[in-house]
Amino acid sequence: MAIPRLDNKAARALFMDRHALAEQPSGASKGADLLDLIHRLGFVQLDSINTVARAHDMILFSRRPTYRSDNLKRLYERDRALFEHWTHDAAVIPMEFYRHWHLRFLRDEALLKSRWKNWRRDGFEQQFATVLKHIRDHGPVSSSDVGKDEKKGSGGWWDWHPSKTALEFLWRSGALTVIGRNGFQKRYDLTERVIETHMCPGNMPCDAEATVDWLCNAALDRLGFATPGELAAFWDTVSVSEAKDWCAEALTQGDLQEVEVTCANGNIRKLLARPGLTETELPSAPGRIRVLSPFDPMLRDRNRAERLFGFHYRIEVFVPAAKRTYGYYVFPLLEGDRMIGRIDMKAQRDRGVLQVNALWPERSVRWSDARTSRLQAELDRVRRFAGLDDVEFAKDWLKDPK
């Protein structure tokens, strides 16, 4: 029997649909509507870099242009509809998923206890009881509220003082919960004061098999088609061997089938999907240009993005300036179902200006005056979102493709 195949256009359309980018960017962006969007994505990565706006805000704005950062803050800090923990990085996650993080707490506890003994300064384990008592007696804290008599390091993640490391460990292993941020500094409280009692670690047994099943199903729902490794990487809790076993069982039961997906370069990859996926009808993506965050979930797996869209993207914030190909924090540009380029821009807040330094089209894209007009319309939306008054283009901003 022939294996069903998705051509590249259909594969891009399906993948964009799963990431809420196949429809017009519109709709309500507060409360339950915003929570529904985050539920659909699975999580939204948090990042502190604020070149134009923070990554989590750009991710949500690109899908709901009426979105503003206070909408997420209310949903997270006031409504407690989200919790913060790790997937592949720090993220806000629907509270509905919290019970599936008990396995992550246990695995992080075992992993970090051994890993951080080598990476962090000695003494963080001796601070657990002190930190917990301080929070119990005085309420939520930030890292600056604990370990005041401890020697402070350089401020880098590798040189936290012991009490700061203890806070992070107790959060990652479930004893503490992050309840919000001041600026971008986390505030921690006892989990039993934040999470409903029946869902707290210790009050709900951790069923590893059921959690692996949920995580693999939920990852596949958001990817559409995947390898076992891609399913494991989505939440970064399930191991690749566990994902392989899950896929083998699901294939045997008829819950998965093999499909062929055509890559942007014409190569064919054999992947796994729900039965009937190749028969799904999807709308064409809107033609407007959208600025995406470098941490957008559609681009999080850089290799997958390159296979599907032919778009090679690497963030260069940790690359020395002289060795950067493009720039410190360059935003990908989406038009319809194509990645058409990347733009180097920055909010000059002292002047109220969104400064466009450079734009590099992809080699396959012919830049036109009409495309410039569509770009200007999008940049005008972005500058309003960032609270700026105007957009300025540097001389010779439009570059040759690299």
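**Figure 1. Contact between helices H2 and H4 in a predicted model.** Gly31, Leu34, Leu35 and Ile38 of H2 meet Asn71, Leu72 and Leu75 of H4. Contact means heavy atoms within 4.5 Å. Helices (H or I, at least four residues) and strands (E, at least two) are DSSP runs, numbered from the N terminus. H2 spans residues 31–41 and H4 residues 69–78; their axes come within 10 Å and cross at roughly 85°. That makes H2 roughly perpendicular to H4. Angles of 65 to 115 degrees count as roughly perpendicular, under 35 as roughly parallel, over 145 as roughly antiparallel and the rest as oblique. Axes are lines fitted to C-alpha atoms, for helices over the stretch in contact, with angles from 0 to 180 degrees between N-to-C directions. By class, the contact of H2 with H4 has 5 nonpolar, 2 polar and no charged residues. Ala, Val, Leu, Ile, Met, Phe, Trp, Tyr, Cys and Pro count as nonpolar, Asp, Glu, Lys and Arg as charged, and the others, Gly among them, as polar. The model is predicted: local features need pLDDT of at least 70, side-chain atom pairs count only at pLDDT 80 or more, and totals for chains, interfaces and linings use all residues. Residues are numbered from 1 along each chain as its sequence is written, and side-chain values use heavy atoms, with hydrogens and water left out.

**Figure 2. Contact between helices H8 and H9.** The axes of H8 (residues 208–223) and H9 come within 9 Å and cross at roughly 100°. That makes H8 roughly perpendicular to H9. On the H8 side are Trp214, Leu215, Cys216, Ala218, Ala219, Leu220, Arg222 and Leu223. They meet Glu230, Leu231, Phe234 and Trp235 of H9. By class, the contact of H8 with H9 has 10 nonpolar, no polar and 2 charged residues.

**Figure 3. Leucine 375 in the largest nonpolar core.** This core has 65 residues. Leu176, Ile343, Met345, Leu375 and Leu379 touch the most other members. A nonpolar core is a set of buried Ala, Val, Leu, Ile, Met, Phe, Trp, Tyr and Cys residues joined through side-chain atoms within 4.5 Å. Buried means under 20% relative accessible area, exposed over 50%, partly exposed in between (1.4 Å probe, protein chains only). Leucine 375 touches Ile289, Leu333, Ile343, Leu359, Trp367, Phe393 and Trp397, not counting residues up to four places away in sequence. A second, separate core of 57 residues includes Phe105, Leu231, Ala232 and Phe309.

**Figure 4. Strand E11 and its partners, E10 and E12.** In E11 (residues 330–335), 6 of the 6 residues are buried, so the strand is largely enclosed by the rest of the structure. Val330, Pro332 and Leu334 point one way; Phe331, Leu333 and Glu335 point the other way. In a regular strand the side chains alternate between the two faces of the sheet. Strand E10 (residues 289–291) pairs with E11 in the antiparallel sense over 3 bridges. Two strands pair if DSSP finds at least two bridges between them. Isoleucine 289 has glutamate 335 as its bridge partner in E11. Strand E12 (residues 338–348) runs antiparallel to E11, and 6 bridges join them. Leucine 334 stands opposite methionine 339 in E12. E11 and E12 form a hairpin with 2 residues between them. Glycine 336 in the turn has a positive phi of about 60°.

**Figure 5. An open sheet of 4 strands.** The order is E1-E8-E9-E7, with mixed pairing. E1 (5–6) and E7 (225–226) stand at the edges, each with a single partner strand, so one side of each is left without a neighbour in the sheet. E1 and E8 (residues 257–262) run parallel, joined by 2 bridges. Arginine 5 has glutamate 260 as its bridge partner in E8.

**Figure 6. Positive phi at aspartate 236 and aspartate 396.** Most residues other than glycine have a negative phi. Phi of aspartate 236 is near 60°. Aspartate 236 lies in the loop between H9 (228–235) and H10 (240–253). At 41% relative accessibility, aspartate 236 counts as partly exposed. Aspartate 396 has a positive phi of about 60° and is found in the segment after strand E14 (390–393). At 56% relative accessibility, aspartate 396 counts as exposed.
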